[in-house]
Amino acid sequence: MTQHTPGPWNVSVEDNNSFICDQDGYTVAEIYARSARLANHVNANARLIASAPELLAALECLDNYVCNSLSSDYPTGIDIESDAFLKARAAIAKATGES
């Protein structure tokens with residue numbers, strides 16, 4: 001998979017439409033509201049999309065931490081079959097094109 005545009009991404013709103021831009025101001029994604037009634041949904045979706053690079057980085061950090069902890073000699077109490085850990089791994093795979 002091709003590397004995504006580096007974060008951070010920011011949201012700008014114009015006429016109820018949201019634009020997700022990279023740190024240099026280039027548009028990464030655009031979300032258009034068909035009506036003013038949908039503007040809140042569009043803005044919420046834009047904020048979620050804009051947080052994607054940070055969310056992916058946080059999940060990858062957590063995954064590395066857990067894997068490093070499991071390879072240590074100290075008991076961790078971490079369950080790699082837990083629902084939370086499996087969901088985190090699935091989200092990483094989806095974001096990186098591995099799923």
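The axes of helix 1 and helix 2 come within 5 Å and cross at roughly 45°. Axes here are lines fitted to C-alpha atoms, for helices over the stretch in contact, and angles run from 0 to 180 degrees between N-to-C directions. Helices (H or I, at least four residues) and strands (E, at least two) are DSSP runs, numbered from the N terminus. Helix 1 and helix 2 are therefore oblique to each other. Angles under 35 degrees count as roughly parallel, over 145 as roughly antiparallel, 65 to 115 as roughly perpendicular, and the rest as oblique. L48, I49 and A50 of helix 1 meet A52, P53 and E54 of helix 2; contact means heavy atoms within 4.5 Å. These residues divide into 5 nonpolar, no polar and 1 charged. Ala, Val, Leu, Ile, Met, Phe, Trp, Tyr, Cys and Pro count as nonpolar, Asp, Glu, Lys and Arg as charged, and the others, Gly among them, as polar.

This is a predicted model: local features need pLDDT of at least 70, side-chain atom pairs count only at pLDDT 80 or more, and totals for chains, interfaces and linings use all residues. Residues are numbered from 1 along each chain as its sequence is written, and side-chain values use heavy atoms, with hydrogens and water left out.

Next comes helix 3. The axes of helix 2 (residues 52-70) and helix 3 (residues 83-96) come within 10 Å and cross at roughly 130°. Helix 2 and helix 3 are therefore oblique to each other. Helix 2 contributes L56, L59, E60, D63, V66 and C67 to the contact, and helix 3 contributes F85, A88, R89, A91, I92, A95 and T96. By class, that gives 9 nonpolar, 1 polar and 3 charged residues.

Now the largest pocket. Its space is about 240 Å³. On a 1 Å grid over the protein atoms alone, a pocket is an open set of points where a 1.4 Å probe fits, with protein on both sides within 12 Å along at least five of seven lines; lining residues have an atom within 4 Å of a point. Grid points are joined across faces, edges and corners, and a volume is the space filled by probe spheres set on the points. The lining includes H4, W9, L48, L56 and A91. Helix 1 (39-50), helix 2 and helix 3 each supply at least two lining residues. Helix 2 gives the most, with 5 residues. The lining divides into 10 nonpolar, 2 polar and no charged residues.

Two backbone details remain. A cis peptide bond joins G7 and P8, with omega about 0°. P8 lies in the segment before strand 1 (10-14). D15 has a positive phi of about 50° although it is not a glycine.
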